[in-house]
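Here are a few notes to read alongside the structure. Have it open and follow along.

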Amino acid sequence: MQHCLLYLGEVACRYYAYAASFGTSLPSDPAFARYRDFMVRGWQQFRLISLREPTWLDTLQNSCHLSPPLGPVTSALDPSFLLDRADYHVMTAERMVKNEPYILYYSFSTLYGTQEDDVIAALELIAHYREQTHQPNLAVLDISPCETVSTPRIAQTMQRLHLRWQSRFVTAPHEFVNFVAHAQLVLTNSFHGVVFSLILNTPFSYFYRNGCDPRLARLQDVFGIKDVLISELQGKSSEELTARNRELAAAYNSGIAALREPSLQLLRQIVED
């Protein structure tokens, strides 16, 4: 985000970072050491920096020993949370998948940091949910950006469980939001898959992937979603998962306004600066 002002023919820009993400949890990550000097020079151009991952706050505030020092550094909610469920109504009012219930599966492949065991656990959870809800033919709508069947073991598991798998390419954001809104259950290792499940009050379970872990861990801290982590659901019934998701939705709906306000105030400060 930047504001540019015109002074006697010269352009002066003010730079702001809102809810930036490093994609890694700690400054000990080798990538930080490799690009530190380059990143520090870039940070010094910003009048204000806000981050989604608070583990980086101390590094930017205190540990870089910068001269001149950075402007204010704080944390902020992901921008998606700044809108209410009602704000997405135009995207969700009419179902894109007509006349058929489905589980939504949205995951990055093993080529992009997803663990094979987590994918297999998600597939087992789908079969368990299908059996317990007495929906043997329940479809699985796969909108993953990469092919899910990325290893022989995953392929064998899908064949063994006789999953009714349907792949669909998402061409626009409103399609993604619509698919999440009308799913019976969302299984994902995507940060925004979890975010929109929370916003739209859609039941979900999730698992980690490398590079997305710190952002998902932040959602655990803020919204208390750990109980629907796939690794925490072994032996749990579909009724327990549904009940926990109802509790999450109620807590989210009642608490999001207070959590949202500091981030909105931050944006007002940026606009007014």
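Predicted model: local features only at pLDDT ≥ 70, side-chain atom pairs only at ≥ 80, totals over all residues.

1. Take Leu104 as an example; its bridge partner in E6 is Leu141.

2. Next, H5 (residues 152–161). Which of its residues are buried? They are Ile154, Thr157, Met158 and Leu161. These four sit on the same side of H5 because they cover an arc of only 95° around the axis. The face turned away from that buried side carries Pro152, Gln156 and Gln159, which are exposed.

3. What covers the buried residues of H5? The cover includes helix H4 (116–132) and strand E7 (164–167). Just after H5, have a look at His162, which takes a positive phi of about 55°.

4. Now the salt bridges, of which the count comes to 10. One of them joins Asp78 and Arg52, with the closest N and O atoms 2.6 Å apart. Asp78 is in the loop between E4 (73–75) and H3 (89–92), while Arg52 is in the loop between E3 (46–51) and H2 (57–63), so the pair links distant parts of the chain, 26 residues apart. Asp78 counts as buried, at 5% relative accessibility, and Arg52 also counts as buried, at 14%.

5. Another salt bridge is between Arg164 and Glu100, the closest N and O atoms being 2.5 Å apart. Arg164 belongs to E7 and Glu100 to the loop between H3 and E5, so this pair ties together parts 64 residues apart in sequence. Arg164 counts as partly exposed, at 34% relative accessibility, and Glu100 is partly exposed with a relative accessible area of 22%.

6. Finally, back to H5. Asp117 and Arg153 meet through their side chains in a salt bridge (2.7 Å, N to O). Since Asp117 lies in H4 and Arg153 in H5, the pair ties together parts that are 36 residues apart in sequence. Arg153 counts as partly exposed, at 37% relative accessibility. Glu116 joins in too: Glu116, Asp117 and Arg153 are linked in a network of salt bridges.

Note on methods
Residues numbered from 1 in each chain as written. Heavy atoms only, no water. Buried < 20%, exposed > 50% of the residue type's maximum accessible area, 1.4 Å probe, protein only. Helix = DSSP H or I, 4+ residues; strand = E, 2+ residues; numbered from the N terminus. Arc of directions from axis to C-beta. Contact = heavy atoms within 4.5 Å. Pairing = 2+ DSSP bridges. Salt bridge = Lys/Arg side-chain N within 4 Å of Asp/Glu carboxyl O.
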